[in-house]
Amino acid sequence: MITFTSLARATEIGANSYLLRFGAARVLVDGGMHPKREGAEALPDLGGLDFGSLDAAVLSHAHLDHSGALPVVQRQNPTMPVFMTEPTAALTGALLRNSVNVMEAKREELGRDDYPLFSHREVALSAKGWAARRAGRPFPLADAEEVDCTFHPSGHVLGAAGALFEHGGRSVFYTGDVHFEDQTLVRGASFPDGGVDVLVIECTRGDSDRDPDYTRWREGERLAAAIETCLSRGGTALIPVFAMGKTQETAMLLHELQKARRMRRLPLHVGGLGVKMTGIYDRFATRWPRHHRGLQMARTKGLLELPRKRGEFPEPAPGKVFLLSSGMMSEHTMSNRMGRRLLGDPRNLIATVGYADPASPLARVVDAAPGDRVELDPRHDPVARECEVVRFDFSGHAPREHLVDYVEQLRPEITVLVHGDPPAVERTRAEIAARVPETSVVVPAPGKEYEIG
Ligand SMILES: [Zn+2]
């Protein structure tokens, strides 16, 4: 028997974690930390799991909403191997170490005695339990119950992979976060094209519509034009980006646009955690399906301007373009600090290229009309927004049409919808029901065990 249980605390994009049971074998799929909750509430609901009861875990990719609780899960399951791709292991290690620093800062600031939820030492200990596996090659997860797993690159970010589980002649495929289209660096997903009985699929963008004429390149041209206009009037441009993925993708896209003469040639200033993450992207430049194979971003002349000292804050000046994390301009980050410097001058540009949570400082910038005072950090006075603010769409997630196309191609017996807020899940469910009526769609209630085989 095979069963599926969502350990997320709600139907939402939060702390992604799922339990698959293959006979007596218990396999955890992802162990994320909720980006908006604090303390134990940010962890998946692990209450029903006894100490040491997991046989193995599989991590789809490094983003903290999939990996951020791993040290806690591994503390409770000290001998459990955690399987992931090699780039994911490198990126996850760096993100978890940064997460400890963030929690340590919150301990002071929010007066939270429970922080950090794990230490640097525990991250190092966790990493000892990680086992890297190549994509495309089946490997055994749990010997006694004969469960095999195969990773399939899922687009999205470096190292991201869906996981195909096979047990007793039945197959379950978990997509993780997926993008079917090529990005500038990372190639689109190469997923199984058949033979899947149960599909567990994300639906992040289930409720958003994309312009049918959208192309990544055309969106890039729009971004290049906005930067060019800003620089021509003597301004400074800031693109708040997630350190991992968005920094590297945006930098390479702008580099291509420069080569195509859509904007002037100039090096892009990257700072903070983005520098370390770029180093990891470079390290795997030939070991993952990607464009610009072998290209070392940090060593390519004229591509990036990196800080001379670790953690150094880059000085804003007219004519410069900054790609700084965090992606949502959270307090105490370089993009927040730079944003405060640039906000009040109409010559400057803040360009958004990713998701802005409605409660984030970035959303306050986007929502402000010219002249509105915006508080980016409660420790500093609000600044009147005079700079130009423009939004761009460079999502690393597949639009709904492509998700449903994939369901239609596979025609699985069961389709389980995860990683979506309720409107996204509902709209994806309705579209699958209309287009692929033979698959039975499951929207898993948190904590409920579903028999899927
Ligand atoms: Zn992700």
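Predicted model: local features only at pLDDT ≥ 70, side-chain atom pairs only at ≥ 80, totals over all residues.
Two residues count as being in contact here if their C-beta atoms, placed from the backbone, lie within 7 Å.

View 1. Follow the chain and you'll come across 11 helices and 22 strands. The radius of gyration is 22 Å, close to the 22 Å that the globule rule gives for 453 residues, so the protein is as compact as a globular protein of that length. As for its outline, the C-alpha atoms fill a box of roughly 65 × 50 × 40 Å along the principal axes.

**View 2. A look inside.** How much of the protein is buried? Buried residues come to 47% of the 453 in the protein.

**View 3. Helices α3 and α4, side by side.** Helix α3 covers residues 86-109 and helix α4 covers residues 120-128. The two pack at an angle of about 160°, and their axes are 9 Å apart. Angles over 145 degrees count as roughly antiparallel, so that is the label for α3 and α4. Their crossing is right-handed.

**View 4. Close-up of the contact of α3 with α4.** Which residues make this contact? From α3 come Gly93, Leu96, Arg97 and Val100, while α4 brings His120, Val123 and Ala127. Sorted by class, the contact has four nonpolar residues, two polar ones and one charged one.

Conventions: Residues numbered from 1 in each chain as written. Helix = DSSP H or I, 4+ residues; strand = E, 2+ residues; numbered from the N terminus. Rg over C-alpha atoms; globule rule 2.2 N^0.38 Å. Buried ≥ 20, exposed ≤ 12 C-beta atoms within 10 Å, placed from the backbone. Axes fitted to C-alpha atoms, helices over the stretch in contact; angles between N-to-C directions. Parallel < 35°, antiparallel > 145°, perpendicular 65-115°, else oblique. Left-handed = near helix turned anticlockwise from the far one by under 90°. Nonpolar A, V, L, I, M, F, W, Y, C, P; charged D, E, K, R; others polar.
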